[in-house]
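Take a moment with the sequence and the picture before reading on.

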Amino acid sequence: MRTSILRVCRVVPLLMLACAPAAFAHPHSFITLKTEIIEKDGLMTGLRMRWLMDEITSADLLYDAGNARPGSEIWKKLAAEVMANVIGQHYFTEVWHDGKKVTFLPVPPDYGMSREGHQAVLTFTLPFAKPQPLAGQRFTFSTFDPSYYVDMSYEATTDVALPAGLTGRCSLSMHTPTPGADTQAFALSLDKEDAPPEDMELGKQFAQKVDLQCQ
């Protein structure tokens with residue numbers, strides 16, 4: 001069962017991700033995304049991701065980090081705990097090509113956590129199990145919490161970037177869906193103790209989709 005990033009903290013306190021205060025309506029927490037395509041020798045090998053958590057979500061993480069220096073063992077421990085949950089939920093990300101999901105390696109080659117003002121930042125590389133040829137191909141990807149407990153979104157289309165080697169051969173576009181009135185009303189009716197039916201994939205209905213088209 002895919003669980004929300006924040007719902008897990010009630011079951012596994014050591015995850016260290018803060019639970020949002022009592023409130024009505026999903027989502028209860030917000031993560032701002034930035035993503036860069038990783039390319040080598042004409043193949044897409046993964047995505048480099050940066051997740052900026054809102055101040056409430058960040059509170060417990062920053063409290064536990066205290067005044068620890070960047071890269072210290074405390075930050076490494078916090079990053080490992082959070083990353084374990086992200087991995088367990090398939091990186092909260094789907095990548096599609098030719099109607100099939102691209103599979104990921106179970107362990108990222110690098111990850112870390114840091115502080116940006118009053119917000120926590122998680123960075124990691126999402127590695128593909130098999131490098132994907134880019135020439136003449138189209139990919140679609142999105143990052144979301146299926147329960148829609150956490151809103152995971154890009155602020156601008158420029159928050160998804162191509163490496164310099166692909167800028168002349170590939171293009172990116174972003175689509176932000178507008179769910180129907182019934183779906184929006186259902187999301188607004190949920191409080192923080194509620195979870196939508198798993199097969200509904202409520203968060204997916206609100207998730208931005210990024211298209212990558214290469215010549």
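Predicted model: local features only at pLDDT ≥ 70, side-chain atom pairs only at ≥ 80, totals over all residues.

**Strands around β1 and β2**

β1 runs antiparallel to β2, and 10 bridges join the two. One place to look for this pairing is Glu-36, whose bridge partner in β2 is Arg-48.

With strand β8 (residues 150-153), β1 pairs in the parallel sense over four bridges, and here Ile-31 stands opposite Met-152. Strand β9 (residues 160-161) also runs parallel to β1, joined by two bridges. In that pairing Glu-36 stands opposite Ala-161.

Moving on to β2 (residues 43-53), you will find that this strand pairs with β6 (residues 119-133) in the antiparallel sense over nine bridges. Met-44 has Gln-132 in β6 as its bridge partner. β6 in turn pairs with β5 (residues 111-116), again antiparallel, over six bridges. Ser-114 stands opposite Val-121 there. β5 and β6 form a hairpin with two residues between them.

| Strands | Sense | Bridges |
|---|---|---|
| β1 and β2 | antiparallel | 10 bridges |
| β1 and β8 | parallel | four bridges |
| β1 and β9 | parallel | two bridges |
| β2 and β6 | antiparallel | nine bridges |
| β5 and β6 | antiparallel | six bridges |

**An open sheet of five strands**

Another set of strands is arranged in the order β4-β3-β7-β11-β10, forming an open sheet with antiparallel pairing. Which strands stand at its edges? They are β4 (100-101) and β10 (170-175); each has a single partner strand, so one side of each is left without a neighbour in the sheet. The partner of β4 is β3 (residues 93-97), which runs antiparallel to β4 and is joined to it by two bridges. His-97 has Lys-100 as its bridge partner in β4.

**Helix α2 and its buried face**

Helix α2 spans residues 55-65, and its buried residues are Thr-57, Ser-58, Leu-61, Leu-62 and Ala-65. Seen down the helix axis, these buried residues fall within an arc of 110 degrees, so they line one face of α2. The buried residues of α2 pack against β1, β2, α3, β5 and β6.

Both ends of the helix are worth a look. Asp-54 caps the N-terminal end of α2, with a side-chain oxygen 2.9 Å from the backbone nitrogen of Ile-56. Just after α2 comes Gly-66, which takes a positive phi of about 55 degrees.

**Aromatic rings**

The structure holds six aromatic pairs. In one of them, the ring centres of Phe-104 and Phe-128 are 6.0 Å apart and the planes are at 20 degrees, so the pair is stacked. This pair links distant parts of the chain: Phe-104 is in the loop between β4 and β5, while Phe-128 is in strand β6, 24 residues apart. Both Phe-104 and Phe-128 are buried.

Ring pairs also link a cluster made up of Trp-51, Tyr-91, Phe-92, Phe-104, Phe-124 and Phe-128. Phe-92 is found in the loop between α3 (73-88) and β3. Phe-92 is buried, with a relative accessible area of 0%, and has a positive phi of about 50 degrees although it is not a glycine.

Is Asp-41 buried or exposed? At 69% relative accessibility, Asp-41 counts as exposed. Asp-41 has a positive phi of about 55 degrees, although it is not a glycine. In the turn between β5 and β6, Gly-117 has a positive phi of about 65 degrees.

Finally, look for Thr-125 in strand β6. Thr-125 counts as buried, at 7% relative accessibility. The side chains of Thr-125 and Asp-110 are joined by a polar contact of 3.0 Å. Beyond residues up to four places away in sequence, Thr-125 touches Ile-38, Leu-47, Arg-48, Pro-108, Pro-109 and Asp-110.

Key
Residues numbered from 1 in each chain as written. Heavy atoms only, no water. Pairing = 2+ DSSP bridges. Buried < 20%, exposed > 50% of the residue type's maximum accessible area, 1.4 Å probe, protein only. Polar contact = N/O pair within 3.5 Å; in protein donor to acceptor, adjacent residues only side chain to side chain. Contact = heavy atoms within 4.5 Å. Phe/Tyr/Trp six-rings, centres within 6.5 Å; stacked < 30°, edge-to-face > 60°. Arc of directions from axis to C-beta.
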